[in-house]
Each structure stands twice: as C-alpha cells, then as structure tokens.
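Thanks for making the time, everyone.

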Amino acid sequence: MNPSVHAVADAGSSTLEARLNGRGKSVPVQGVRADWARLPGHTVEVWLLGEHVATGVVDQAADDDSVLWLAGAGADTRRLFDKGTGYQIWV
C-alpha cells in the first residue's frame, strides 16, 4: 500500500474515503452492508449465522433497509430476505 494513502472509514456511511495526495476520492466499501435500500442492481452475497445462503442481484429493497429481494435467475425464483431474522448482505 502506498504510504501516502490514508483511508478513513465513515461509520455513518457506506463509503470509504481514501485520501490520495490531498485529494479526496470516494470508493464503495466491500463487506457487510447495512444500507440495503441502496443496493438494487448490485450483486451481493446473503449470509445467515456464518453460512452462505445465496448470491444474486438485488431486485428491490425496502426504503427502511428492513428487507430486500434477490432477482430470480434460471430456475431460482425471486427471494426475500429480512434483516430482523439476522441475514447479512455482503458486497
């Protein structure tokens, strides 16, 4: 890693701000995401209790980040996952 790069995670945001030679640049965070409403169109992994459940493209998500739907693919149908059950979404 270049020593002139200083990464600062913003706990209230889903982005990581990397400062390169005094210039700010925002890049997406790769990892667990709490902001489900911002994920439609993204390919994600769904995990529950440390077990991989599914991988797919987010079709839709509730504005309050409580649930999201993965689009159906092939023989798989559209699937609903809710945060209250403990599902985690990784990008």
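I will start with confidence and overall layout, then turn to the charged pairs and a few loop residues.

What you see is a predicted model, in which local features need pLDDT of at least 70 and side-chain atom pairs count only at pLDDT 80 or more, while totals for chains, interfaces and linings use all residues. Residues are numbered from 1 along each chain as its sequence is written, and side-chain values use heavy atoms, with hydrogens and water left out.

On confidence, pLDDT is the predictor's own score for each residue, from 0 to 100; its mean over the protein chain is 78, and 68% of the residues reach 70 or more. Confidence is lowest in strand β1, residues 5–9, with a mean of 33, and highest in β7, with 98. Over residues 1–22 the pLDDT stays under 50, and for that stretch the model has 29 contacts beyond four places in sequence, a contact being heavy atoms within 4.5 Å. Where pLDDT is low, the predicted coordinates should not be read in detail.

As for layout, the protein chain has nine strands and zero helices, where strands are DSSP runs of E with at least two residues, helices are runs of H or I with at least four, and both are numbered from the N terminus. Of the 91 residues in the chain, 24% count as buried; buried means under 20% relative accessible area, exposed means over 50%, and partly exposed lies in between, with a 1.4 Å probe and protein chains only. Among contacts with a separation of 6 or more, 38% are between residues 24 or more positions apart. The chain exposes about 6,100 Å², of which carbon and sulfur atoms supply 52%, the areas coming from the Shrake-Rupley method with a 1.4 Å probe, with only the protein chains shown counting as cover for residues.

Now to the charged pairs. Side chains of opposite charge can pair when their charged atoms come close. How many salt bridges does the rule give? The count comes to two, taking a salt bridge as a side-chain nitrogen of Lys or Arg within 4 Å of a carboxyl oxygen of Asp or Glu.

One of them joins the side chains of Asp 35 and Arg 33, at 2.8 Å from N to O. Asp 35 sits in the loop between β4 and β5, and both Asp 35 and Arg 33 are buried; for Asp 35 the relative accessible area is 13%.

There is also a salt bridge between Arg 78 and Asp 59, whose closest N and O atoms are 2.7 Å apart. Because Arg 78 lies in the loop between β7 and β8 (79–82) and Asp 59 in strand β6, this pair ties together parts that are 19 residues apart in sequence. Arg 78 is partly exposed, at 41%, and Asp 59 is also partly exposed, at 41%.

Finally, the loops. Arg 38 is in the loop between β4 (32–33) and β5 (43–48), and it counts as exposed because its relative accessibility is 56%. Leu 49, in the loop between β5 and β6 (51–61), is exposed at 79%, and its phi is near 55 degrees, a positive value in a residue other than glycine. Asp 65, in the loop between β6 and β7 (67–70), likewise has a positive phi, near 65 degrees.
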